[in-house]
Amino acid sequence: MKKGFRKYFNKKFENEYGKWDSTKEFKQYLEFLEMKERGEVLEVERQVTIPLIPNQYTSEIKHLKTKTKVIQKLAERAIDYRADFVVTYPDGRQEVYDVKSDMTRKLQDYIHKRKLLLYLYGIKLIEL
């Protein structure tokens, strides 16, 4: 694969508002900012990490000259879900939004993470 090749043809870019994975995501952020100015939204957080499965470790016994030591080794890395936006409304409710292409919505990794988010936290992801 060539360096800089984008699998789903989205264009990453950076501007005064930050770094963006796509123009669609940036336009959605501007829409949320307008809603905030009108008082329809209290807070808009970007790229919020939500833990799904923590790091998993195994114990390994190491015999040294004078003692035996138990060492914790990382067996599996944690799995997190990074939401594009978490929006807080005046009534206190929070909603999690993600800008996804039709291709990404079909990926098993994404589907599993979406299901874990609902199962563990009761968060129904809103796809844009």
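This is a predicted model: local features need pLDDT of at least 70, side-chain atom pairs count only at pLDDT 80 or more; totals for chains, interfaces and linings use all residues.

Reply: Residues are numbered from 1 along each chain as its sequence is written, and side-chain values use heavy atoms, with hydrogens and water left out.

Me: Why is Thr88 called buried?

Reply: Buried means under 20% relative accessible area, exposed over 50%, and partly exposed in between (1.4 Å probe, protein chains only). Thr88 has 13%, so Thr88 is buried.

Me: What makes the pairing of the Thr88 and Gln94 side chains a polar contact?

Reply: The term needs a pair of N or O atoms within 3.5 Å; within protein, one must be able to donate a hydrogen and the other to accept it, and residues adjacent in sequence count only if both atoms are side-chain atoms. The side chains of Thr88 and Gln94 are joined at 3.1 Å.

Me: Which residues does Thr88 touch, not counting those up to four places away in sequence?

Reply: With contact meaning heavy atoms within 4.5 Å, Thr88 touches Val41, Leu42, Glu43, Arg93 and Gln94.

Me: Why does Tyr119 count as exposed?

Reply: Its relative accessibility is 71%, and the limit for exposed is over 50%, so Tyr119 qualifies.

Me: What makes Lys124 exposed?

Reply: Lys124 has a relative accessible area of 62%, so the exposed label applies. Not counting residues up to four places away in sequence, Lys124 touches Val96 and Leu118.

Me: How far is Lys124 from Val41?

Reply: They are 83 residues apart in sequence and 19 Å apart in space, C-alpha to C-alpha.
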